[in-house]
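These are my notebook entries on a single chain. I record what I looked up, entry by entry.

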Amino acid sequence: MPDVTHPVWAGIPAQLQPELRMRAHRLVTPVAGTLKAKEQRNLLFALRALERGKPEPRHWLALVTADRAAFGSARSERATQVYQGLEQLAAEYFTRELAGAGRTEARGGAHAP
């Protein structure tokens, strides 16, 4: 994944976010399980930013690079739904955008990291 200064983070389409916002809300209301741990603070902040509809590039990076276990136990349906939504976002948006940026960079375009 690119660092937080890459333009891909700022361009996440708003239409991809509502379902993730709802899933994040369900996961952090109330906060439970592994998300209560101090070492998961950045992930919890990122989930809350997503829930509010105001995720910044650093939040997206924390969300899409976190391990599945960081979201909750393997039995947690809410954690699974958030993780699967983020995987789908990564597959549909980031992969496509980063591939496009790579083609633009190869042609000498403006999307250089």
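**Entry 1. Conventions.** I take helices (H or I, at least four residues) and strands (E, at least two) as DSSP runs, numbered from the N terminus. The model is predicted, so I note that local features need pLDDT of at least 70 and side-chain atom pairs count only at pLDDT 80 or more, whereas totals for chains, interfaces and linings use all residues. Residues are numbered from 1 along each chain as its sequence is written, and side-chain values use heavy atoms, with hydrogens and water left out.

**Entry 2. Overall content.** I counted five helices and zero strands in the chain. Read from the N terminus, the order of elements is α-α-α-α-α. Of the 113 residues in the chain, 39% are buried.

Entry 3. I located Glu92 in helix H5, which covers residues 77-106. Glu92 has a relative accessible area of 40% and is therefore partly exposed. I then looked up its separation from Leu16: 76 residues in sequence, but 9.7 Å in space from C-alpha to C-alpha.

For pockets, I worked on a 1 Å grid over the protein atoms alone: a pocket is an open set of points with protein on both sides within 12 Å along at least five of seven lines, in contrast to a cavity, where a 1.4 Å probe fits but cannot get out, and lining residues have an atom within 4 Å of a point. Volume is the space filled by probe spheres set on the points, which are joined across faces, edges and corners. The largest pocket holds about 160 Å³. Its lining includes Leu16, Glu19, Arg23 and Glu92. Helices H1 (18-28) and H5 are the elements that give two or more residues to this lining. By class, I found four nonpolar, three polar and three charged lining residues. Here Ala, Val, Leu, Ile, Met, Phe, Trp, Tyr, Cys and Pro count as nonpolar, Asp, Glu, Lys and Arg as charged, and the others, Gly among them, as polar.

**Entry 4. Salt bridges.** I searched the whole structure for salt bridges (a side-chain nitrogen of Lys or Arg within 4 Å of a carboxyl oxygen of Asp or Glu) and found two. One joins Glu19 and Arg23 at 3.1 Å, N to O; both residues lie in helix H1, four residues apart, about one turn of the helix. Glu19 counts as partly exposed because its relative accessibility is 40%, whereas Arg23 counts as buried because its value is 18%. Another joins Arg58 and Glu56, also with closest N and O atoms 3.1 Å apart. Arg58 is exposed at 52% and Glu56 partly exposed at 39%.

**Entry 5. Polar contacts.** My criterion was a pair of N or O atoms within 3.5 Å; within protein, one must be able to donate a hydrogen and the other to accept it, and residues adjacent in sequence count only if both atoms are side-chain atoms. A polar atom of the Arg23 side chain lies 2.7 Å from the backbone oxygen of Gln81. In helix H2 (residues 41-52) I looked up Glu51, whose side chain makes a polar contact of 2.5 Å with that of His25.

**Entry 6. A cis peptide.** Most peptide bonds are trans. I noted a cis bond between Thr29 and Pro30, with omega about -10 degrees. Pro30 lies in the loop between H1 and H2.

How values were computed
Buried means under 20% relative accessible area, exposed over 50%, partly exposed in between (1.4 Å probe, protein chains only).
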